[in-house]
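Okay, thanks everyone for coming. I'll keep this short, so let's get the picture up and walk through a couple of residues together.

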Amino acid sequence: MKGDVEEKMELSESSHGEEDYGPTVAKRAKPEVVPETHGVLRPVKLSRGELYKPPTAEELNQLKEAESLFHCSLLKMQMEELLKEVALSSRRKQQIDTFVQNVTELLQTVSQTHVVEISDLSWLSGGVKVPFLLVPKAAKGKFHMAPPVSVSVIGSYPLGTCTKPGICVDMAVTIPADVLHPKDALNQRYPRKRALYLAGLAQHLASFPSIGTMHYSCLHGNRLRPLLLLTPAALPEDYVLWTPAGFFRPSRFHPQRNNVRTDWYTGVRSSQTETAEPPTPHYNSSVLGDMLPMSHMLFLSAVSSRCSSFADGVALLKVWLRQRQLDQGAGCFSGFLGSMLLAYLLNSHRVSNTMTAYQLLRNSLHFLASNNLTENGISLAKDPDSTAPSLAEFHSVFQVVFVDPSGHLNMCADMTASTYKWVQHEAVLSLQFWDDPTVDGFHTLLMTPKPMIRTADHVFQLCGLAQLQASCKKLNLLNELMDNSGNYILTALPFILSLLQRGLGERVQLLTHSLSPDPEWSVDSEAPMHKFLPPLSFGLLLNQEQAASVLERGPPADSSKAADFRQLWGSLSELRRFQDGAITEAVVWEGDTSSQKRLVPHQIIKHLLLLHADIPASCVRYIGGMLDDVIKPGRKVCSTGEEECLKVVQSYDDLSRKLWRLEGLPLSITSVQGAHPALRYTQVFPPVPLKLDYTFFDQNKMSKSLVPLEDKPCPVYITPIKVICQMEGSGKWPHDKLAIRHIKAAFHISLGELLTRQHRYTCQPSATHLDVWKDGLAFRIQVAYHREPQVLRESLSPEGLLIIRDNEEAQALEMTTIHQPLLTSTLHGLQQLHSCFGAVCRLAKRWLGAQLLSDDISEDTADLLVGFLFLQPAPFTPPGSPQVGFLRFLHLVSSFDWRNNPLVVNLNGQLTAADYTEIKNDFMASRESLPVMFIATPKDKKLSMWTKQSPSVQMLQRVVLLAAESLKVLENQLMDASLKQDIRVAMRPPLDAYDVLIHLCPRQVPLLNQAVDTPHVTFSRGTLDVGVPKAGQAMPVIDFNPVSLYLAELRDAFGDLAVFFCDPYGGTVIAVLWKPKAFNPLPFKTAQMVARHVKVTGEEALTVPNVEAILEDFRVMGQDLVKSVELRTEKWLV
């Protein structure tokens, strides 16, 4: 009787070694250089013959391969560099071989002990514990320690499929035959002896300093297969030791057979015979899996010897799995399964032995995408013996079936159908994006991590895992609990998944769950109980058309399915009559606003888990709308702005129709276009209809406008909603820019008179615009003439020649009258396709404002960045919730290579692959003269007009840094239930870096209620909460915000000395940062004495900033607005 002991080594590279990097950006080989004089290094010069010699046959073959197999040769080089990055170096292999040899020699010196009862642990000393949960405690059998018969290296290390990080080196150790007994397969005897032998090895190795520290763990979360992690003192690697046995008959572990007796497990005697006992397929597969590692090793070695690219193909597949967090934890798709999958494809001739690693990876993903192993399992067994189970027998007890070469073991026994469907979904997405020439397939699929919180639209966690014991009792899962050796988490999980899938139905495309991490504990500690594991997380990929529906319509009352519907939903199910006359079962969920409807899945999950699994709502932590509070317009409002935006759009549409129908204009209107973020659903806090409190204002009878009273707080801020009104062309339009402005002013007056006369709107015209007070909203109409930008570019030379020269005035006018309206209409269309687009934009811009970055990343720029996430979501699907969209926004900003790549936002899908190539080439050719953040659109391929003015290099670096830190903090807040829940921590700006803080008086901040942290004191702003605004009311003060006006004055007066930052959404602090060169002494000049004083040094008179006077000016300029000025540094000391 022989057994195997396998050792697994996981390498976590040191932070200073030569292999510190996992799969990171591929490195570019440096040209060979030679030293020259004065220490200058110069590249080697090639002779003309070497430089222009014809390519060799091998080089031609490589070029042909790159052209036929890859989108471009760059992808081929990236693949090759990635494989070099994840491969072991010769130095590391030498270190591993040395340590393996040392461990092998130490294992041969294990001492023999006396035979004792399996429950007698008196022979263990030194505080070493047994890595096993003894439930139940009673067990029969004898045990003693003895030296292993042999030790050999197996697994991925000798196959050459080890990859960084997490390198695994397996050692098979043969256990002496007299330690085990043929009946040890029953009632957990073998797993307990396995754990005892492991504890004995830990006790033996603990006396050798070269071993270092030791910890226990489990193989992929399976408590029946504990492991020993060794951290050597001389090496930074982790080593895992485990002890399977290989002498039982495989037929003993047929999935239909029982190896855990009910009376032993429950402690209650029964009269059941062995044939009446329930099958224990998961227990059987755990024991059987310990018998076959050597045969698996030999099988994979034979396959690898036939295919030269096998190791590289496995390496790429491992990287792909690791980036998606699919290769670790209970029921994972491990690297071992990836190797076996490639072996299956090679053996079944689905792939050729001559294929490259790229082809092997692509075909593996294609197989996963097109084959459902939950229904049609596959087998590596060519000629299984007569006792081997059939695929149908495997399918009857396992959700996913992939049979090993012996024909007896299902290698996917612990995998749930949800996990495999998630793998399948990822494979489908990967192939879709890899075939898209506009997507960088390499970075998208092999370099971008996909944690669940950033992948799933909604996530929820089951906390208090001990409650699942009650679930097992409620669901009557005693047989399954025995099969899983008391692991109530793995027992209840498949049934919870099935229940939720049935209840959520068409609302979700996919339902997945986290893979419980492998626990680790010290060798002198007891094995942790299941209830102490981290919360179990579930991910929902929503179907946007169905997810937010508040109605769950069931079958007709007389249908045979009505009883099942009532059983599923319990008391919530009721008969309802619908408009089509049908009377059916139905469930109606709560939800009046879009934000409430997005959380309907939360209501469903809470109800089903309580009704069917006895899991109370307190144990369900739903992570789907935690960020909504940040963009709610008020304390009492449950909406996140969608309904308010809709009211603005409806009012605008009505105004647009009335403008079109106006009679009496000298020229007709050719177009009416909105140019405001609220009209594309992206205004952080959209305007709300206001009914004014007239006691708060003094009414000007001449202009029929309202003037705020001096003793009152600053009145409510009224946002002007910009509307561009294009007038038809005519020969009567003048060709002088000043005359055009006069004509436009006349149109503003005329439009105001007509709207007042025909529709009773309150209007206030000015030279640049017309303000219209309608439905409690302020619309700012600007008349535009399509030739005006051209007129602004024209000028006459002294000789009378016409000169056309672009200028900032013309560009600004085009931006206002052409580009912004077009962007607004385009993004409005995107909102119609993706209902959460606007909410993601609002979250992104709220974060930018809170971090004092709104002046550097404009609203239009932020909307385009978010639009990119929906139009090119690779490697994800388009965001299905504001939360996941915001997390991806932070990841995009923090990880995109702004220096070397343009961000192409393909609005309306107008750009082709050729356009992408053209944009990239033009970008590289003109990189130094282009903005640091380059965003290309179909109408702007070369200039990036949206980011032309900002951000600067320094501010972009700060944006990237803050986005990375915010993403890290926010994901921890969302996923770690043990932390104090405060997602606003990611919105609070760090103020330590600023030199001066100007604190404002909250009374004079009109947007105070929009602050990140709700203010303790609120002020009346001159509005009433009840009633509907009536037409013909007096015109209030529009676009009056003392904070922004004060900020503009500060920048105008001191912009050459300092940079000013403020949160535009209720911020009460203005942060000031002195410019680096502000305090350099300058020669004395009378014209340059603003905010400076003279400092005489010898015979030279220099001027330096007068900081004390500047700070006093801050107070004087902000009288009644500035509360205090806080000095943070002493940088003004020159």
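**Two residues and a word on confidence**

Let's start with R454, which touches P449, F876, V884, L887, R888, H891, L967 and E971, leaving aside anything up to four places away in sequence. This is a predicted model, by the way. R454 itself is found in helix α16, residues 452-455. Is R454 buried or exposed? Buried, because its relative accessibility is 6% and the cut-off is under 20%.

Now over to E809, in helix α26, which covers residues 808-833. E809 counts as partly exposed, because it comes out at 37% relative accessibility. Beyond its sequence neighbours up to four places away, E809 touches K737, R741 and L792. Which of those does the side chain of E809 make a polar contact with? That's R741, side chain to side chain, at 2.2 Å.

Okay, confidence. The chain averages a pLDDT of 85, and 91% of the residues score at least 70. Strand β12, residues 402-403, has the highest confidence at 96, while strand β1, residues 6-11, has the lowest, at a mean of 34. Two stretches to flag: residues 1-41 stay under 50, and the model has 139 contacts for them beyond four places in sequence. Residues 236-245 also stay under 50, with 80 such contacts.

Conventions
Residues are numbered from 1 along each chain as its sequence is written. Side-chain values use heavy atoms; hydrogens and water are left out. Helices (H or I, at least four residues) and strands (E, at least two) are DSSP runs, numbered from the N terminus. Buried means under 20% relative accessible area, exposed over 50%, partly exposed in between (1.4 Å probe, protein chains only). Contact means heavy atoms within 4.5 Å. A polar contact is a pair of N or O atoms within 3.5 Å; within protein, one must be able to donate a hydrogen and the other to accept it, and residues adjacent in sequence count only if both atoms are side-chain atoms. pLDDT is the predictor's confidence in each residue, from 0 to 100.
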